[in-house]
Amino acid sequence: MDKTTRIELMAHGRIGKALFSLSAPAVAGMVVMAVYNVADTFFISLLRDTTAVAATGIVFPLFQLIGSIGLTFGMGAASVISRNLGAEDYRGAREVGATALYSAAAAGILFSVGGTIFIEPLLILFGATDSILEAATLYGRIIIGGSVFPVWNMCINNLLRSEGASGHSSFGQILGAVLNIVLDPIFIFALDMGITGAAAATVISQAVSAAYLSGFYLLGKGYMNPLTWSWVRPVPRIYRQLMTLGIPTFVRQILGSISFAMLNTAAAAYGDAAIAAVSITLRLFMLLLMGLIGIAQGLQPLAGYNYGARQFARVHAVIRTVFMTSIVICFTAGILGFLFAPQIISIFA
């Protein structure tokens, strides 16, 4: 879908068709993001090492924190960009996009350096026991060391979706996840790297995904090019716009990480097997949550563009549609999870 068609779809397309066109790739992409952790857990579980599975669960809240950095800048920028495009303010869209992307990258590098240095205290804070700490450190140091790639991906994905390029965004995520699934058994078993192999496979996959996603703008396919350094405007006005939606997103992600860490800490009293069980359950929960976030990401450019164009009836219609769709999905998933919990968990343990 070229950029003119994308704008026409957001401006005049039928609500259901436009929402599906934007949400379906976003849902696929976000679910695939959750697959990164599910794939690691699955292949590590084949080692028949409960401690190793538990170690990935301890690192999981830190992985969520990494994502929160990219989402903070990406979702904050996406809201502003889609409204700017609706108002035909292309210069404003470019400035916001470039500032958000490079700011996210800088924050990701800082997180990578700090997290690698203080990895053991962080893991203990997030519930690591003495028996888990060594394996969690091996896994976590590599995952945190490659933080800049998931941060970049989370941010640029939202920039792509803000101008309706959800197909390219989702394919980039799917590419990374498929590569991760292919590399996991090679690194873990064929190269006999164990849990460190799973971490290395994830970082390499994220790096390949980042390169593919960036290619969209390198080839000049978008209305803006956030990779262009000259568009960066690190001024209070831009950051106020970014943080209006970015801060609530950050708080939501932080609270999620804290709640996961509290669950790990509570489970630690019952041994490594309990932490492993929590680890598996949280990853399955994230499959559902990321799918719902994908629906919201499909909503955002459609609602933002029409808000900018002052088509408020279309904004209200798409919000109603998303609410009803999400309620049906959650209700169905809850019933299936309750009825088939033993069968689902047995896949991993």
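Modeller: Contact here means heavy atoms within 4.5 Å. This is a predicted model.

Colleague: What does Cys155 touch, leaving out residues up to four places away in sequence?

Modeller: By that cut-off, Cys155 touches Gly70, Phe73, Gly74, Ala100, Leu101 and Ala104. Cys155 itself sits in helix α7, residues 148-162.

Colleague: Why is Cys155 called buried?

Modeller: Buried means under 20% relative accessible area. Cys155 has 0%, so Cys155 is buried.

Colleague: How far apart are the C-alpha atoms of Cys155 and Ile69?

Modeller: They are separated by 8.3 Å. Along the chain, the two residues are 86 apart.

Colleague: Take Asp184. What makes Asp184 count as buried?

Modeller: The cut-off is under 20%. Asp184 has 0% relative accessibility, so Asp184 counts as buried. Asp184 lies in helix α8, residues 166-190.

Colleague: Which residues does Asp184 touch, not counting those up to four places away in sequence?

Modeller: Asp184 touches Ala39, Asp40, Phe43, Phe189, Gly197, Ala198 and Ala201.

Colleague: Why is a set of residues called a nonpolar core?

Modeller: The members must be buried residues of the listed kinds, such as Ile, Leu and Tyr, joined through side-chain atoms within 4.5 Å. The largest such core has 74 residues. Ile44, Ile81, Leu123, Tyr139 and Tyr217 have the most contacts inside it. Helix α3, residues 50-86, gives the largest share of this core, 19 residues. A second, separate core has 14 residues, including Leu9, Leu19, Leu22 and Val322.

Colleague: What is Ile81 in contact with, leaving aside neighbours within four places in sequence?

Modeller: Ile81 is in contact with Ala93, Val96, Gly97, Leu159, Ser162 and Met224.

Colleague: Now the whole chain. How many helices and strands does the secondary structure come to?

Modeller: The chain has 13 helices and zero strands.

Colleague: What percentage of the 349 residues is buried?

Modeller: Buried residues make up 54%. The accessible surface comes to about 14800 Å², and 72% of that belongs to carbon and sulfur atoms.

Colleague: Among contacts between residues at least 6 apart in sequence, what percentage joins residues at least 24 apart?

Modeller: The share is 83%.

Notes: Residues numbered from 1 in each chain as written. Predicted model: local features only at pLDDT ≥ 70, side-chain atom pairs only at ≥ 80, totals over all residues. Heavy atoms only, no water. Buried < 20%, exposed > 50% of the residue type's maximum accessible area, 1.4 Å probe, protein only. Helix = DSSP H or I, 4+ residues; strand = E, 2+ residues; numbered from the N terminus. Areas by Shrake-Rupley, 256 points an atom, 1.4 Å probe, with all protein chains shown as cover.
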